[in-house]
Amino acid sequence: MKAVRLHEYHRQPVVEQVPEPRATGPFDVVVKIGGAGVCRTDLHIIEQQWAEKSGVRLPYTIGHENAGWVHEIGPGVSTVEVGDTVILHPTPTCGLCHACRAGDDMHCENSAFPGIDCDGGMAEYLLTSARACIKLDRGTEPADVAALADAGITAYHAVRKAVPLLYPGTVCVVNGAGGLGHIGIQSLRALTATTVVVVDRNPEALKLAEQLGADETVLADGAQVEAVLDLTAGHGAEVVLDFVAEQGAQQDAFAMTRRGGSHFVIGYGGNLDIPAIDLISTERTVVGNLVGTYNDLVELMVLAQAGRVTLHTRKYPLDAALDALADLDAGRVRGRAILTP
Ligand SMILES: [Zn+2]
Ligand SMILES: [Zn+2]
């Protein structure tokens, strides 16, 4: 089969022939890929940023946002059948450790992360496990939903955690309305009655945010903190979801959070510098967020299949993987680039 393989860091991956994976373990599932999302994390992998953390051996196949059809199952698999349409939670987990038993998939002690620490989904077929498969309506086009498996679940997970804080009358700031932020806005609309204020430096992104249901938009032109304070009678927001968290946006996000409020860090790249006295005197909470649980993705797919969360995509054939990576790197992709083998 064809696969997008990374042979050397700081060099482009290669589209080449490799053997197809087989379902040899009892809970193995081989999925015929219908869509594989192209993510900034793929660029960071090529730049060697993940090499030490993941411990992956080169060459390997990248691609961690995957959906498709079940192609082969191991003898113990009873939850999906050959031919089922599925989206894949990014980490096949063990199901037996403490975190797994609490439903906290991202902190499983024995999980893999295909596309990061082993062969991923930018290929015709992917080996995963029954625990990662979420069965979708037969009519769902995998390429339309694949990116919900990472970008979507990450935004939804943060919103889901913030829901108890976002009762009617509250304000939630969405800092950054790109790939993750635009799912965050739709999730807030579907799950809460909070007032949604969207901050972004791109006027086009703010236009899209308005179409998706933002109550207020703020252009990040240098005066965005003051603008949010003006909109909240000088208090700031009960919740700030920071989808950027680099180049100073993380400091802005904390400054936009009101007394007793919560600052959710979802993007990464920058350092957050907060004097301890500011934390204790205002009792603000800073919350980290890592991808999401299997159940988060199940819930998000309910919204997606009901048309309440939609993803803007641009499709590329698998052979054009390098074009997709180059377009993403150069900022030429609107929404999400998806490879379709
Ligand atoms: Zn991703
Ligand atoms: Zn586990």
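**Entry 1: domains**

I looked up the domain division of this predicted model and found domain 1 (2-150 + 292-340) and domain 2 (153-288); the bounds come from an automatic or database domain assignment. I noted that the C-alpha centres of domain 1 and domain 2 lie 28 Å apart. The contact (heavy atoms within 4.5 Å) takes 20 residues from domain 1 and 13 residues from domain 2.

Conventions for these notes: residues are numbered from 1 along each chain as its sequence is written, chains are lettered from A and ligands numbered from 1 in the order in which they are written, and side-chain values use heavy atoms, with hydrogens and water left out. Local features need pLDDT of at least 70 and side-chain atom pairs count only at pLDDT 80 or more, whereas totals for chains, interfaces and linings use all residues.

**Entry 2: the interface**

I recorded a buried area of about 1500 Å² between domain 1 and domain 2, 57% of it on carbon and sulfur atoms; this is the accessible area (1.4 Å probe) that two parts lose on being put together, summed over both. I found one salt bridge across the interface, the term being a side-chain nitrogen of Lys or Arg within 4 Å of a carboxyl oxygen of Asp or Glu. I also counted seven residue pairs in polar contact between domain 1 and domain 2, both residues at pLDDT 80 or more. A polar contact is a pair of N or O atoms within 3.5 Å; within protein, one must be able to donate a hydrogen and the other to accept it, and residues adjacent in sequence count only if both atoms are side-chain atoms.

On the side of domain 1 that touches domain 2, helix 1 (40-46) and helix 11 (294-305) each supply at least two residues. Helix 11 gives the largest share of that side, five residues. Helices (H or I, at least four residues) and strands (E, at least two) are DSSP runs, numbered from the N terminus.

**Entry 3: aspartate 84**

I located aspartate 84 in the loop between strand 5 (66-73) and strand 6 (85-88). Aspartate 84 counts as buried because its relative accessibility is 3%; buried means under 20% relative accessible area, exposed over 50%, partly exposed in between (1.4 Å probe, protein chains only). The side chain of aspartate 84 makes a polar contact of 3.3 Å with that of arginine 138.

**Entry 4: helix 8**

I found Gln224, Val225 and Val228 buried in helix 8 (residues 224-231). Their arc around the axis is only 105°, which puts them on the same side of helix 8; the arc is that of the directions from the helix axis to the C-beta atoms. Their cover includes strand 9 (171-175) and helix 9 (249-255).
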